[in-house]
Amino acid sequence: METIFTRIVSGEIPSTKIRENDEFLAILDLFPNCKGQTLVITKTRYPSDLTLMPSDVYTRYMLAVQQVCALLKTWLHVPRVG
């Protein structure tokens with residue numbers, strides 16, 4: 001089943017990419033609540049419940065999120081991200 005995220009990953013829907021590797025894609029939120037709001041999504045579809053994601057994928061996902069947070073801190077000159 002296609003979702004907006006699978007369509008973004010496939011390039012069918014354009015996005016502003018912040019970071020990308022073989023497994024994950026970080027994009028700017030189209031309607032952010034704050035400057036730099038970013039989504040980190042998996043390129044493989046998993047249930048939206050993170051507790052159902054395989055542990056090894058979850059670990060790599062969180063490392064990707066950590067890397068994106070470091071980029072945002074540098075680019076936006078902020079002391080923390082949430």
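1. Salt bridges come to five across the whole structure. A salt bridge here is a side-chain nitrogen of Lys or Arg within 4 Å of a carboxyl oxygen of Asp or Glu. The model is predicted: local features need pLDDT of at least 70, side-chain atom pairs count only at pLDDT 80 or more, and totals for chains, interfaces and linings use all residues. Residues are numbered from 1 along each chain as its sequence is written, and side-chain values use heavy atoms, leaving out hydrogens and water.

2. Lys17, Glu20 and Lys43 form a network of salt bridges. Glutamate 20 pairs with lysine 17 at 3.3 Å, N to O. Lysine 43 also bridges to glutamate 20, with the closest N and O atoms 2.7 Å apart. Lysine 43 sits in the loop between β3 and α2 and glutamate 20 in strand β1 (residues 17-20), so this pair ties together parts 23 residues apart in sequence. Helices (H or I, at least four residues) and strands (E, at least two) are DSSP runs, numbered from the N terminus.

3. How exposed is glutamate 20? Glutamate 20 is partly exposed, at 40% relative accessible area. Lysine 17 is partly exposed at 48%, and lysine 43 at 28%. Buried means under 20% relative accessible area, exposed over 50%, and partly exposed in between (1.4 Å probe, protein chains only).

4. Glutamate 23 and arginine 60 meet in a salt bridge of 2.7 Å, N to O. Glutamate 23 is in the loop between β1 and β2 and arginine 60 in helix α2, so the pair ties together parts 37 residues apart in sequence. Glutamate 23 is partly exposed at 28%, as is arginine 60 at 34%.

5. The largest nonpolar core has ten residues, among them Ile18, Phe24, Ala26, Val40 and Val68. Such a core is a set of buried Ala, Val, Leu, Ile, Met, Phe, Trp, Tyr and Cys residues joined through side-chain atoms within 4.5 Å. Two or more residues come from each of β2 (24-28) and α2 (55-76). The largest share, five residues, is from α2.

6. Alanine 26 has contacts (heavy atoms within 4.5 Å). Leaving aside neighbours within four places in sequence, the partners of alanine 26 include Ile18, Val40 and Val68.
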